[in-house]
Amino acid sequence: MPEDIAGSEQMLANWNQNIQERAARYQEMATRVQGMTISERSSDGSVELTIGSNGILQNLVINESAAGKRMSEVSGEIMKLLQRAQSKIPALLQEAMAETIGTQDETANVLFDEAKKNFPAPPPEDVRPAYEVNEINFRVEDDAAPPPPRSTPPPPRRRPPSDDDDFGGDSVLS
């Protein structure tokens with residue numbers, strides 16, 4: 001029976017050591033992921049942004065070259081870049097997991113699946129963003145032809161005669 005107790009103590013010590021090692025690997029993964037950032041830049045360089053591993057915007061730069069663009073184009077570019085950057089988070093998370101806790105870990109796979117759900121791949125580039133579809137245009141369109149000019153001026157307006165014209169049409173104040 002003393003062998004059973006010694007074996008149980010050894011098993012418990014091994015289990016405790018395994019838990020501590022696993023916790024240290026999770027802490028290392030969390031530290032790595034926390035320090036990661038993702039940066040994206042528009043093709044023309046007019047917009048640049050950086051997000052943290054949590055998907056939150058950390059830095060946004062709108063360069064002077066964006067001055068000639070419509071604001072709906074600039075805001076659409078920002079949203080496209082943000083989504084493109086966020087869609088890279090699952091891959092970074094998976095890389096950090098592979099280097100620390102391994103990709104066979106059940107908890108790691110749950111975290112990875114959740115990241116893929118929260119940060120999906122961006123839509124294809126050729127799809128028009130919703131802001132362009134629902135944009136309201138307040139410009140005056142010059143499609144209608146102006147009305148034709150009048151050939152003769154309208155006749156002058158005359159005052160109808162009045163019954164109480166006691167002053168001969170002159171003003172009382174004169």
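Ala, Val, Leu, Ile, Met, Phe, Trp, Tyr, Cys and Pro count here as nonpolar, Asp, Glu, Lys and Arg as charged, and the others, Gly among them, as polar. The model on screen is predicted.

Stop 1: Select 37-41, 47-52 and 57-62. The three strands make an open sheet, ordered β1-β2-β3, with antiparallel pairing. On average, neighbouring strands are turned by 10° against each other, direction ignored.

Stop 2: Now pick E48. Which residue of β3 is the bridge partner of E48? Pick V61 to see that partner.

**Stop 3: the helix across the sheet.** Select 71-86. This is α2, which lies across β1, β2 and β3. Helix α2 runs at about 35° to β2.

**Stop 4: a pocket.** Select M29, V33, M36, S53, I89, L92, L93, L111, E114, A115, N118 and F119. These residues line the second largest pocket. The volume of this pocket is about 240 Å³.

Colour the lining by type. Nine residues are nonpolar, two are polar and one is charged.

Then colour by helix. Which helices each supply at least two residues of this lining? They are α1 (2-34), α3 (89-100) and α4 (106-118). The largest share, four residues, comes from α4.

Definitions and conventions: Residues are numbered from 1 along each chain as its sequence is written. This is a predicted model: local features need pLDDT of at least 70, side-chain atom pairs count only at pLDDT 80 or more; totals for chains, interfaces and linings use all residues. Side-chain values use heavy atoms; hydrogens and water are left out. On a 1 Å grid over the protein atoms alone, a cavity is a set of points where a 1.4 Å probe fits but cannot get out, and a pocket is an open set with protein on both sides within 12 Å along at least five of seven lines; lining residues have an atom within 4 Å of a point. Grid points are joined across faces, edges and corners, and a volume is the space filled by probe spheres set on the points. Two strands pair if DSSP finds at least two bridges between them. Axes are lines fitted to C-alpha atoms, for helices over the stretch in contact, and angles run from 0 to 180 degrees between N-to-C directions. Contact means heavy atoms within 4.5 Å.
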